[in-house]
Amino acid sequence: MPKQKTHSGSKKRFKITGSGKIKKQQANMRHNLEHKSSRRTRRLNQDQVISGNDLKVVKKLLGR
């Protein structure tokens, strides 16, 4: 049985914490940051834990 490869796009987007939770960067933090307010960019700059519905899909993409 061959090994399952991790999805190369998802390994760039998700990080796994020590306790096994999966974290992601919030949307709207890639470009045009000088047009967004400082309050908004500070709020969006925090990593977020993946919700339960997406957890199964993301774990499969990461090969876990």
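Contact here denotes heavy atoms within 4.5 Å. The structure is a predicted model, in which local features need pLDDT of at least 70 and side-chain atom pairs count only at pLDDT 80 or more, while totals for chains, interfaces and linings use all residues. Residues are numbered from 1 along each chain as its sequence is written, and side-chain values use heavy atoms, with hydrogens and water left out.

Helix α1 spans residues 8–13; helices (H or I, at least four residues) and strands (E, at least two) are DSSP runs numbered from the N terminus. Arg 13 lies in this helix. Beyond residues up to four places away in sequence, Arg 13 touches Lys 23, Lys 24 and Gln 25. The C-alpha atoms of Arg 13 and Lys 23, ten residues apart in sequence, are 8.7 Å apart in space. The side chain of Arg 13 also reaches the backbone oxygen of Gly 9 at 3.0 Å. Arg 13 counts as exposed because its relative accessibility is 55%, where buried means under 20% relative accessible area, exposed over 50% and partly exposed in between (1.4 Å probe, protein chains only).

Two further residues of helix α1 were examined. Ser 10, also found in α1, counts as buried because its relative accessibility is 3%. Its side chain reaches the backbone oxygen of His 7 at 2.9 Å, and, leaving aside neighbours within four places in sequence, Ser 10 is in contact with Leu 61 and Leu 62. Lys 11, at 48% relative accessibility, counts as partly exposed.

Leu 62 and Val 58 belong, with Phe 14, Ile 22 and Ile 50, to the largest nonpolar core, which has five residues in all. Such a core is a set of buried Ala, Val, Leu, Ile, Met, Phe, Trp, Tyr and Cys residues joined through side-chain atoms within 4.5 Å. Apart from neighbours within four places in sequence, Ile 50 is in contact with Phe 14, Ile 22, Lys 24 and Leu 55.

Terms used
Polar contact = N/O pair within 3.5 Å; in protein donor to acceptor, adjacent residues only side chain to side chain.
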